Amino acid sequence: MLRRKRNLIPFLFLILLLLATITAEWWLPVSPSFMDSNQRLMAPSSKYWFGTDHFGRDLFGQTIIAARVSLLVGFTVALLSTILGTITGLIAGYYKKLDAIIMRIIDGMLAFPSLLLALALVAALGGSITNIIIALTFSFWPVMTRVVRSSVLQVKNIQYVEAAKTSGVKDPVILTKYILPNVLSPIIVQGTFIFARSILAEAALSFLGVGVEPSIPTWGNMLQESQIYITMAPWFSIFPGIFIVATVLSLNILGDGLRDAFDPYSQGKKKRKKQPFKQKKQYAS
Amino acid sequence: MSEPLLEIRDLNMHFPMKQGILQKTKNYIKAVNGVSFTLNKGETLGIVGESGCGKSTLARTIVGLLKPTSGDILFEGKSILQYNRKELHQLRRDIQMVYQDPYTSLNPRMKAGDIIAAPLKAYNQTNNLKNRVLELLELVGLKTEDYNKLPHQFSGGQRQRIGIARALALNPKLIVLDEPVSALDVSVQAQVINLLEDLQEELGLTYLFIAHDLSVIRHISDKVGVMYLGKMMEMSDSESLYKNPRHPYTNALLSAVPMPYPTKGKKRERIVLKGELPSPSNPPNGCVFHTRCPFATDFCKGNVPALDVVEENSSGQYVACFYPRENKQMEFPR
Amino acid sequence: MLEIKNLKAYIDTSDGVVKAVDGVSFSIKPGETIGIVGESGSGKSVLAHSIMQLNPKPPTFYPEGEILFNGKNLLQLKEKELRKIRGNEIAMIYQDPMSSLNPVFKIGDQLMEAILTHHSMPKSKARQRAIELLTDVGISDAEKRFNSYPHQFSGGMRQRVLIAIALACNPKILIADEPTTALDVTIQAQILELMKSIQEKYGTAIIIISHDLGVVAQMAEKVLVMYSGRIVEKGNVEDIFYHTSMPYTWSLLRSLPRIDSESRTRLLNIEGQPPNLIHPPSGCNFHPRCPFATDQCKTVDPQLSKRSADHSAACILSEEEFNEAKKRIEKGEQERRMEHV
């Protein structure tokens with residue numbers, strides 16, 4: 001998959017961003033929290049690549065540091081909703097009796113507008129990364145559940161699952177060794193999409209003021225603060241915006257690439273010839 | 001051998017058809033509708049029939065994937081429908097299945113060796129696991145290197161071999177084979193058929209072989225049963241059935257099989273069936289075959305023929321027909 | 001009428017070039033029935049689709065060869081002209097009748113569409129013709145059935161409808177690609193008989209493609225045996241089935257289970273599996289599996305050589321050599337059978 005240029009570029013971008021943000025303190029020429037009151041809202045220059053914000057801080061540094069929150073939130077939400085969604089999706093898909101109960105709960109969760117939930121949490125507990133993560137996980141967990149459940153419903157009727165039952169294999173093993181590995185591809189793909197959407201969601205929430213507290217730089221917060229200065233210092237909003245777009249786009253393209261890589265499963269392997277008589281009648285019943 | 005290995009008594013498998021918002025059961029699909037037979041150790045019973053006759057459903061019920069609506073299944077003289085979960089789990093070791101489609105009957109994410117080992121692991125027979133699997137691989141004609149390969153690296157015939165090895169892993173007494181060669185190329189079919197025959201001899205296996213291909217059934221079976229719409233129409237030893245079919249349906253089937261040599265100018269006696277296959281949710285009254293039988297009379301419309309002995313030879317020739325065909329040799333003009 | 005000269009159809013895949021059809025030549029006269037026998041990977045389906053130019057152009061390409069239909073090379077015609085021929089002069093029916101009909105249109109309408117695409121006539125006349133065709137293919141109550149939808153028909157009846165659609169414009173050639181593989185054996189017999197009676201009535205030439213030797217034996221006058229993209233034996237049906245001197249054909253016939261066989265016969269085992277079309281074996285494509293193979297077979301690529309008037313086979317063994325080897329193998333099989341018993 002990484003052979004195609006289309007997938008390589010986004011992948012490299014994300015890796016670079018990740019490395020950059022982790023090691024930021026070591027290589028940034030100017031400390032991002034250093035406030036130079038003489039250099040407030042300066043346009044991009046050789047010293048301040050992205051210009052400065054209203055406190056005179058280096059916007060480039062700020063943008064890079066802000067990536068931490070976005071990547072952290074995105075990753076954590078994706079990971080948590082994937083784990084939780086996979087568990088519920090597997091159970092709902094495999095056990096018909098539990099399906100109805102689980103899906104009604106999940107449908108309820110889906111119906112919840114994530115924004116309102118985030119607002120409520122922030123109002124009750126204060127804005128923090130943890131609360132954002134909780135709210136977003138709550139929103140995306142049902143999405144993953146549905147994806148997993150529908151894949152499980154398909155896979156559980158394929159003959160090798162039946163064969164495993166006839167061989168005496170017990171349910172937990174069937175779920176982990178027979179069903180899970182064969183539904184991995186939609187899970188991974190959906191995971192990357194959730195990653196992307198969480199970043200957007202966090203930015204939106206912070207922009208609206210119900211996200212992470214303003215003292216921590218996030219792309220959303222930067223957009224929020226830059227609103228008033230948009231005519232004077234457009235670079236303040238542009239750069240965080242570009243980074244949001246770039247990150248989300250990269251994740252989406254990677255997600256597509258992953259899906260393509262998993263889907264034509266036998267593509268790239270020995271293509272002996274078209275499958276012999278796949279259309280041959282299945283003499284069932 | 002005093003008792004048969006497998007005995008089926010008046011087995012019924014009816015699937016409810018649910019309709020409407022309230023999912024009320026309106027009708028039943030009578031997939032298997034009163035089937036009885038016995039199978040002795042070391043024998044191969046071939047069940048043949050066209051689509052919708054219920055042979056696959058019969059196979060799945062015997063293997064335990066479906067619970068029959070009524071009737072009894074006796075394995076080694078004991079009724080297995082009374083077994084609890086634990087006993088059923090143990091029973092699985094003795095009755096295994098080989099599936100039709102080599103492309104969907106193997107987990108694409110598991111290595112061949114693991115697929116074969118799965119039943120052994122399920123029953124905690126993990127002593128010397130790898131050696132046992134390698135033994136099985138060799139038994140079915142695969143190589144040691146194949147242990148670590150994934151299914152998509154094998155051809156159809158090889159995948160079926162893996163499926164067979166998997167079925168043999170627990171040393172079963174009975175193997176049910178559901179169309180094991182239908183999805184294979186002609187040149188590969190012979191390989192797998194020969195393999196199955198060799199294994200039967202070597203390991204003393206008993207086969208229940210389900211297929212729609214009459215020639216394959218002729219070749220491999222000792223006894224043959226012909227099914228139509230969930231009922232057994234005729235059952236006898238292979239030679240008698242093919243040389244001397246008594247039921248009109250069997251005659252029609254055999255006369256419809258195209259012979260692998262030219263018969264231009266030489267007409268074979270063909271029994272043409274009229275009409276269409278009735279729906280299994282609404283089988284005809286009386287003899288289920290009467291709507292298409294060229295010899296049906298009014299009597300056939302109202303009465304159900306039992307599977308009765310028509311000829312007393314070695315294992316008996318049983319026909320479910322009020323007017324079985326005469327004892328006449330089947331002709332294959334050359 | 002139709003002449004195929006050294007046709008090659010290759011397919012570009014990510015693993016390499018699949019030589020699906022690798023130099024095939026044959027011809028059909030009007031009203032003839034030709035059977036093409038082969039297993040998967042033999043190229044028979046690609047060949048059939050090539051005649052109608054239905055293979056997707058990338059990745060399929062035709063490096064060599066001609067398909068001459070009444071003098072015109074179909075490989076060089078533009079799409080517009082090809083469309084005039086497809087369905088009109090050359091028609092095709094496929095393996096799976098379940099999915100070849102559009103489920104949302106009445107079958108009568110689909111049949112009419114086939115008629116009206118090539119011949120403009122008032123709708124009423126087309127409808128009449130459609131009902132005629134439905135009756136011809138053995139669908140009773142044709143006028144009522146005209147308004148049915150495909151899902152209301154069984155497999156056999158759908159195949160009849162497809163045959164009717166194929167015959168709508170009285171084509172000169174009907175290509176049937178595994179027409180009965182998905183059908184029950186009793187229905188198969190009906191459909192094959194139908195095809196024969198149609199041929200008698202309309203004089204259509206039929207190319208029947210099947211992996212089932214019985215079907216081909218019953219229908220064809222001339223037979224082509226394909227393996228690995230090539231024709232390995234060509235002849236009339238008696239030659240192929242009774243006097244074959246081609247190891248592949250012979251082995252295939254001997255490996256078939258038969259309903260008229262004696263109990264406990266042993267099938268001939270053909271080792272190995274169908275060849276890789278991207279990297280076919282050196283020399284003769286069949287040699288790794290051939291019970292008659294000699295050392296020479298690994299290096300020499302056999303061409304079709306004449307055995308008799310209409311019969312040719314692609315094997316380096318002469319007829320005598322073949323017969324001798326055949327006796328040896330049959331003896332070996334006998335001995336093995338003795339061991340078994």
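User: Through how many residues does a hairpin join β1(C) to β2(C)?

Analyst: Strands are DSSP runs of E of at least two residues, and helices are runs of H or I of at least four, numbered from the N terminus; two strands pair if DSSP finds at least two bridges between them. Here the hairpin from β1(C) to β2(C) passes through two residues, and nine bridges join β1(C) to β2 (residues 16-28) of chain C in an antiparallel run. This is a predicted model, in which local features need pLDDT of at least 70 and side-chain atom pairs count only at pLDDT 80 or more, while totals for chains, interfaces and linings use all residues. Residues are numbered from 1 along each chain as its sequence is written, and chains are lettered from A and ligands numbered from 1 in the order in which they are written.

User: Which strand pairs with β1 (residues 2-13) of chain C over seven bridges?

Analyst: That strand is β4 (residues 60-69) of chain C, again antiparallel. C:Leu2 has C:Phe69 as its bridge partner in β4(C), and in β2(C) C:Leu2 stands opposite C:Ile28.

User: How many residues of chain C are in contact with chain B?

Analyst: Contact means that the C-beta atoms of two residues, placed from the backbone, lie within 7 Å. By that rule, 35 residues of chain C touch 36 residues of chain B. On the chain C side, α8(C) gives the largest share, five residues.
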